[in-house]
Amino acid sequence: MPLFHGSQGCTSLALVLLVRHFKEAIPLQTTALDAVATILGGAGNLEEAILNLKRRAKPKLIGICTTALVETRGEDFAGDLANIKRDRADELAGTEVVLANTPDFEGAIEEGWAKAVISMVERITTPGEQSRHQKKIAILPGWHLTVADIELLRETVESFGLKPVILPDISGSLDGTVPGDRWVPTTYGGTPVDEIQELGTAAQCIAIGEHMRRPAELLRTRTGVPYALFQSLTGLKRADRFVSFLSEISGAPVPANIRRRRAQLQDALLDGHFHFGGKKIAIAVEPDQLYQFATFFTGMGAEIAAAVTTTGTSKILAEMPAESLQVGDLGDLEELAVGADLLVTHSHGRQAAERLGIPLMRVGFPIFDRLGSQHKLTSLYQGTRDLIFDVSNIFQANQRAPCPGSLDPSRKGELPR
């Protein structure tokens, strides 16, 4: 059960965005600070909210995220939570309570995601060297992987005879399924708390995205589990590296179905590269997703004419294949995207795309004006193949038919000689 420590308005904004993006019910709760609690301190509201959730929903895990309202005041959240756990130990038995400091004036989505994973590993995962299960693999996916990406990731790892434990795993809870014939007050699916506790028994950790490096390093420091970082799983070379790594650690050959998917991607590369050559792309997304799509487009022969992201602290920005890179917003993107052939960002970029007369490819968060965004693949052989087809179809749908005079705009009305 996620719990936002702040006012009802803070939680409502996040809830609306999540529900519109995933098209699913999101059980997001709030400590509901009023004016008095905001001034005098919200420890009482935090305790009351935790105890209410324990009594009513009986969750195995309560994840607390702070908001700008309480962070600006500078409360001692860790101390307040420690006192609550000490004083209410009997009432909270059987429920883990994890705190992540996530003020919305600091960082961006990927940094908040990483902080949440770090907090879970620190609080829940058993420390110390433990006996290794040689077939068990801990996977820490970045926030930008869709439900479909995570499902494909699991299937690919399992095809090598390995057992993946994915943290966080949204594929079982936000995949559009209905959990039986009764209403469930907490999120369903996901990774059980006992598997998070036993992450230290994995033989290997795989982190996807630069922002997952710190959680992977913490797991290694805490339990000794080695990790491998994959900055992107999109593109032939990057998918090859991941598949080869799985073959190496499992000792098993690459399955025939994966080889077939690779052959399909090779054919898609041949079919689609004509549509990408020389195209100018303008992208505005988080750093790791920016790297994912920038390398994909440049690998297909396109050019990144404008790249806008949310934070300048990520190390991946130094490797970005873009002419210009700016930390900014959609206003900056609109200024830089003049003359581009494709705009790549979330649904809030639709107005800029309309004003510029440029087609929009929706990626990232939030996507609220299209259905099925969580079921779109963007990773490994299948995801890269699908991206090639999607982008090629956008270019084909927006190309202008040749007409007399179109070869030379200065000679309108004249037949080309």
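Modeller: P321 counts as partly exposed because its relative accessibility is 29%; buried means under 20% relative accessible area, exposed over 50%, and partly exposed in between, with a 1.4 Å probe and protein chains only. The model is predicted, so that local features need pLDDT of at least 70 and side-chain atom pairs count only at pLDDT 80 or more, while totals for chains, interfaces and linings use all residues. Residues are numbered from 1 along each chain as its sequence is written, and side-chain values use heavy atoms, with hydrogens and water left out.

P321 is placed in the loop between β10 (303-309) and β11 (325-327). Helices (H or I, at least four residues) and strands (E, at least two) are DSSP runs, numbered from the N terminus. Leaving out residues up to four places away in sequence, P321 touches A294, T295, T298 and I304, where contact means heavy atoms within 4.5 Å. Q351 is 30 residues from P321 along the chain, and their C-alpha atoms are separated by 26 Å.

The helix to consider next is α3. With 14 residues, α3 reaches 20 Å from its first C-alpha to its last, close to the 20 Å expected at 1.5 Å a residue; the expected span is 1.5 Å times one less than the number of residues. L46, A49, I50, L51, L53 and K54 are buried in α3, and the buried residues of this helix pack against β1 (2-5), β2 (29-30), β3, α5 and β4. After α3 comes K58, whose phi is positive, near 50 degrees.

Helix α3 (residues 43-56) packs against helix α5 (residues 77-87) at an angle of about 45 degrees, and their axes are 10 Å apart. Therefore α3 is oblique to α5: angles under 35 degrees count as roughly parallel, over 145 as roughly antiparallel, 65 to 115 as roughly perpendicular, and the rest as oblique. In this contact, A43, L46, E47 and I50 of α3 meet D80, L81 and I84 of α5. By class, the residues of the contact divide into 5 nonpolar, no polar and 2 charged. Here Ala, Val, Leu, Ile, Met, Phe, Trp, Tyr, Cys and Pro count as nonpolar, Asp, Glu, Lys and Arg as charged, and the others, Gly among them, as polar.

How values were computed
Axes are lines fitted to C-alpha atoms, for helices over the stretch in contact, and angles run from 0 to 180 degrees between N-to-C directions.
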